[in-house]
Every structure is written in C-alpha cells, then in structure tokens.
Number of protein chains: 2
Amino acid sequence: MTLQVNDGIEGAGEPSARLAESTISNDVGFLLAKLHAAGSLLNNAALAEFGLKERSYSVLALACGNLGPTQRELADFLSLDPSQIVALIDELEQRGLVERKPGISDRRQKLVTATSEGRRIHAAAQKAAQAAEVAHLSMLTAQEVASLRAILRKTVWAADAPGP
Amino acid sequence: MTLQVNDGIEGAGEPSARLAESTISNDVGFLLAKLHAAGSLLNNAALAEFGLKERSYSVLALACGNLGPTQRELADFLSLDPSQIVALIDELEQRGLVERKPGISDRRQKLVTATSEGRRIHAAAQKAAQAAEVAHLSMLTAQEVASLRAILRKTVWAADAPGP
DNA sequence: CCAAATCCTTGAAAATGTCAATCATTTATT
DNA sequence: AATAAATGATTGACATTTTCAAGGATTTGG
C-alpha cells in the first residue's frame, strides 16, 4: 500500500507538523512511507518531461543494462504482477524505447532490451531523476546520504547475493 | 551523531536478484520503494489480526494521542485526500474505536478521539506492529536502526531529532 | 452584512492492484 | 517417446485506491 502526497510540489512544508508528537512518528515504517511518498512525487515530476513515471523509468533502466531481463525477472525484481509488466513494456515498445526478443534458451521468455533511442531517453531521464534525489535529500550531509543508502541496501538485499 | 554501516552481505538469493546489478539498485528512491513495500506487507499482516491496515492503524494511533486531531490535520499529516480520511474514520467509528466530536472553536471541524475500546485495540496492535518492524529490520544492528530512524526523521521533517 | 475561504462529505472517473484462465513452450515422469 | 506437470507471457474481469469536482455548513475578512 502506498501513502501518496497530495501536496503541490512547491507547496510549503508540513502544514500540521503538530501531530508529529505522535508515537507513530518514530515508526520506521511510517517514516519510510512518508519519505517514499514525497520522493515519488518529486521523481514523477522530474520524469514527466520524458513521458515516464517511476514504473516505466525502472523498466527502461533495467532494459538499458546489459542483463537482458525477462519479463518474469522484471516482475520479480520490481515486485509487480506480470500483467503490469506487460502493460509497461507495451507502452515503451510502442514508443520505440525497448524491444521484445525471444529468449535464447527458452522461447517462452521475452527478453527486454532498450533501443538506442531508449538509451538516449534513459540517460537524460536518469540525470533528472538523480537531480531530484539530490534535491530531496538536500538537508542531509553527504555522510548521512551514504549511510542511508548503505543501510537501505543492506536491508533490501539481506539474504541475497552481494549487490553491485 | 555516528553513522556507521556494517556492509557485509552474503547468502543465497531471491529468484531475480540477478538484476540487482542494475544502476537503479543504488537509487535511494528505488530502495525506499522496495523497503516500504516489504514493510507494508509485514505490517498489514501483523495488523490483520485486529481488523486494521496501515491506514486505519495510523488514524487510530493519532486518535489515541491526546492531540485531538481534526480530519484535515489527519489528511495533511498522513498525506491523504480528505475524502479518504472520511472513509477510514467512518469504519473506525462504526466499530466503536473512535469518535467524532465537533471542534471547540470551529464547528466545521471534527475532532477524532479514540474510545477506551479503541485504545485497547491500539495498544495490542502497536505491539504487533512493533514486533513486525523489529523482524523486518532484524538484519541491522541496533546502531544501524537508530541511524536509519534518525536520518529518516531528519529528512521527513527537515529537523533533527534524537532517536529513542 | 457580504464575499471568500475552510472543513467535511459525497460521488464519479481514472489509475492500480489482484486473480483466474489461456496459449505456447519447456521440464519432469514414466 | 509420450504424457503430465510446470512455467512465461498475455488477456480480461474484478476490487481497491487515487484523484477531482461539487455542495452544505461554518468561519473569517473586509
């Protein structure tokens, strides 16, 4: 489930920070939800210029790597239903940003790879997304950002093979 | 504040951890989304026993404080549309867990307060939710959890606050 | 007093999430 | 090798959630 921000992007900070006294303000889950919601808003705003949202951007980014992900892998990795992946790729494919290729060893699979146009769009979108991230975390020191990233990675990939 | 991370990761993998090589695996926004999704799942599972979800639990928790929040404040604080607050409170009120009281100085407002039954349910649900949080973050050291909480709080409210 | 703004509520439309069934293909079993 | 079981992609139906716009009640500002 997702908490979504209905605030304008430039809208002034927290109108009712009075409730921040509540005990749930210390719940990591609650803080995570709030931060994620605010970040999504900024991210989607930054990506709108390229006709992308967080979802399609993620798929495009994964298609731009040289990993040749199958749709099933994308669904698992992004924690989405396979049918949602179909819709996302349909759109990206119609825009000529990605291609479906039959799996090499398994013809049921469809490998998703970015076109050169897709790579171009992705490079530009990535810049915008990273700028949005920097802005969103501008109140943190570089050390804090690094710690946050490391802790998040450790938690997300726990019990997994070592990440990048 | 000391921010340190034990970055030793090992173990056997999730089905598609292969894609973790991708660059988006380092995006704070992406990690936030994944961690939030996983946490929500655990949270909702823990709260189901009490007929609550993250949303209704949050509202109930805020109603249990002595802050007498108005619905507008709840909407702002939880980043939800006011109409969603109406539905959440309707349900909690029908179950006898919270009450709507007319605002003291402004009769348009409705102050939301928990009943004693609501407080009882909340106390039990809080235990379950906190246990779920502990389980979710079990791969982190106490120090890392404290750092995470502090950094999240600082970012969300753009003001530093001491962790518990 | 009047106009504008605010709070809650309702309802409808759009976007998302969830699930079951299907076809083509692969894997496992006999 | 033949058959059964399992898997990947796709479609479509259905429920839930988000997002808007409008309305009645009340307050605020001129």
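Good morning. I begin with the contact between the chains, which takes 67 residues from chain B and 65 residues from chain A; two residues are in contact if their C-beta atoms, placed from the backbone, lie within 7 Å. This is a predicted model, in which local features need pLDDT of at least 70, side-chain atom pairs count only at pLDDT 80 or more, and totals for chains, interfaces and linings use all residues. Residues are numbered from 1 along each chain as its sequence is written, while chains are lettered from A and ligands numbered from 1 in the order in which they are written.

Which elements form the side of chain B that touches chain A? Those giving two or more residues are α1 (28-48), α2, α3 and α6 (142-157) of chain B. Helices (H or I, at least four residues) and strands (E, at least two) are DSSP runs, numbered from the N terminus. The largest share, 14 residues, comes from α1(B). By class, this side of chain B has 32 nonpolar, 18 polar and 17 charged residues. Here Ala, Val, Leu, Ile, Met, Phe, Trp, Tyr, Cys and Pro count as nonpolar, Asp, Glu, Lys and Arg as charged, and the others, Gly among them, as polar.

A residue is buried if 20 or more other C-beta atoms lie within 10 Å of its own, exposed if 12 or fewer, and partly exposed in between, with C-beta atoms placed from the backbone. Not counting residues up to four places away in sequence, B:Val28 touches A:Glu133, A:Leu137, A:Leu148, A:Arg149 and A:Leu152.

How are the two copies related?

I turn to the fold. Chain A contains 6 helices and 2 strands, in the order α-α-α-α-β-β-α-α from the N terminus. Of its 164 residues, 41% count as buried. In chain B, 11 of the 11 residues of helix α2 (residues 54-64) are buried, so this helix is largely enclosed by the rest of the structure.

In chain A, α2 (residues 54-64) packs against α4(A) at an angle of about 75 degrees, with the axes 10 Å apart. Axes are lines fitted to C-alpha atoms, for helices over the stretch in contact, and angles run from 0 to 180 degrees between N-to-C directions. The two helices are therefore roughly perpendicular, a term covering 65 to 115 degrees; angles under 35 count as roughly parallel, over 145 as roughly antiparallel and the rest as oblique. A:Arg55, A:Ser56, A:Val59 and A:Leu60 in α2(A) meet A:Leu88, A:Ile89, A:Glu91 and A:Leu92 in α4(A).

Finally, the DNA. The surface near DNA strand C divides into 2 nonpolar, 6 polar and 9 charged residues.
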